Amino acid sequence: MNAEDSKIVRRKLSDQVLERLREMIVRGELGPGDLMPSERELMERFGVGRPAVREAMQSMHTLGLITISHGERARVSELSADMMFRQMDMVARMLLSASPDNLEHLKEARRLFELGMIRIATERAQPADIEDLKRLVKEQRSRLGDAAAFIKADMAFHRRIASLSDNPIFAAISDAMLNWLFNYHTDLLFWSGQENVTLSEHEEIVACIEEGDPEQAAAAMRSHLDRSADLYRYHD
């Protein structure tokens, strides 16, 4: 062990307060929707000044662990897989903007994910789920001519397929990837002239799910993703 490794690093008070507050949530002392203790209560409990408490609380807010509303005490947020991926959002967008390779990596990951999801969806879909997917395709068709609304309807279709897994982490992954790709899609799809092709492919995917054939559904999804992949292009 060298001298640098043996040095004791003094941690900021606010970091220590942050750790204690997180422990209170993990232990269940503070649950979703609960009001956070007041600044004075926290100052007295931890024996620190107001600046350390305020900095820790702001860090909690940035992490999505609490919600701060003007004029009200902060409340504990509900922990969820969706929240976990939202915390990655800014870094993911910067990463995608940094290099065309990163966008290609995301498209490859999404392709693998979607092919797995469509198989699960086909195995688990109930008649009501299939009707819901048909409704979403119809809704997307009604958005022709409105680029942003058309793409949002497209995202809703793919989210619904992921939701059939009944796995909140799968649903959160789907939502995150779709939102990251959305930045590269909005100004391209409308001018691509491929809207009706997209709708036909979605209808084919639903038909395969309705027939209960996972491999045929995966083939339809693979064709759809391969054809639409070029719509997501790197831009500075």
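Modeller: Buried means under 20% relative accessible area and exposed over 50%, with partly exposed in between (1.4 Å probe, protein chains only). The model is predicted, and for that reason local features need a pLDDT of at least 70 and side-chain atom pairs count only at pLDDT 80 or more, whereas totals for chains, interfaces and linings use all residues. Residues are numbered from 1 along each chain as its sequence is written, and side-chain values use heavy atoms, with hydrogens and water left out.

Colleague: Is D166 buried or exposed?

Modeller: D166 lies in the loop between α9 and α10, where helices (H or I, at least four residues) and strands (E, at least two) are DSSP runs numbered from the N terminus. Its backbone has a positive phi of about 60°, although D166 is not a glycine. With a relative accessible area of 69%, D166 is exposed.

Colleague: Among contacts between residues at least 6 apart in sequence, what percentage join residues at least 24 apart?

Modeller: As background, buried residues make up 41% of the 236 residues in the protein chain. Contact means heavy atoms within 4.5 Å. Among contacts in the chain between residues at least 6 apart in sequence, the share joining residues at least 24 apart is 72%.

Colleague: How far apart are the end C-alpha atoms of helix α9?

Modeller: The expected span of a helix is 1.5 Å times one less than its number of residues. For the 17 residues of α9 (residues 147-163), this gives 24 Å, and the model agrees, since the end C-alpha atoms are separated by 24 Å.

Colleague: Is α8 roughly parallel or roughly antiparallel to α9?

Modeller: Axes are lines fitted to C-alpha atoms, for helices over the stretch in contact, and angles run from 0 to 180 degrees between N-to-C directions; under 35 degrees counts as roughly parallel, over 145 as roughly antiparallel, 65 to 115 as roughly perpendicular and the rest as oblique. In the contact, D129, D132, L133, L136, V137 and Q140 of α8 meet F150, A153, D154, A156, F157, R160 and I161 of α9. Helix α8 (residues 127-141) packs against α9 at an angle of about 170°, with the axes 9 Å apart. That makes the two helices roughly antiparallel.

Colleague: Is the arrangement of α9 and α11 roughly parallel or roughly antiparallel?

Modeller: From α9, F150, D154, F157, H158 and I161 meet E195, T198, L199, H202, I205 and V206 of α11. The axes of α9 and helix α11 (residues 195-211) lie 12 Å apart at an angle of about 15°. The two helices are therefore roughly parallel.

Colleague: At what angle do α3 and α4 pack?

Modeller: On the α3 side E39, R40, L42 and M43 take part, and they meet R50, V53, R54 and M57 in α4. Helix α3 (residues 39-46) and helix α4 (residues 50-62) have their axes 9 Å apart, and they pack at an angle of about 110°. That makes α3 roughly perpendicular to α4, at about 110°.

Colleague: In which helices do F113 and F170 lie?

Modeller: Rings of Phe, Tyr and Trp (its six-membered ring) pair if their centres lie within 6.5 Å, with planes under 30 degrees apart counted as stacked, over 60 as edge-to-face and the rest as tilted, and by this rule there is one aromatic pair. The rings of F113 and F170 have centres 6.3 Å apart and planes at 75°, so the pair is edge-to-face. It ties together parts that are 57 residues apart in sequence, because F113 and F170 lie respectively in helix α7 (residues 100-124) and helix α10 (residues 168-192).

Colleague: Which residues does A56 touch, not counting those up to four places away in sequence?

Modeller: A56 is found in helix α4 and is buried, with a relative accessible area of 1%. Its C-alpha atom is separated by 6.5 Å from that of D15, 41 residues apart along the chain. Not counting residues up to four places away in sequence, A56 touches S14, V17, L18 and L21.
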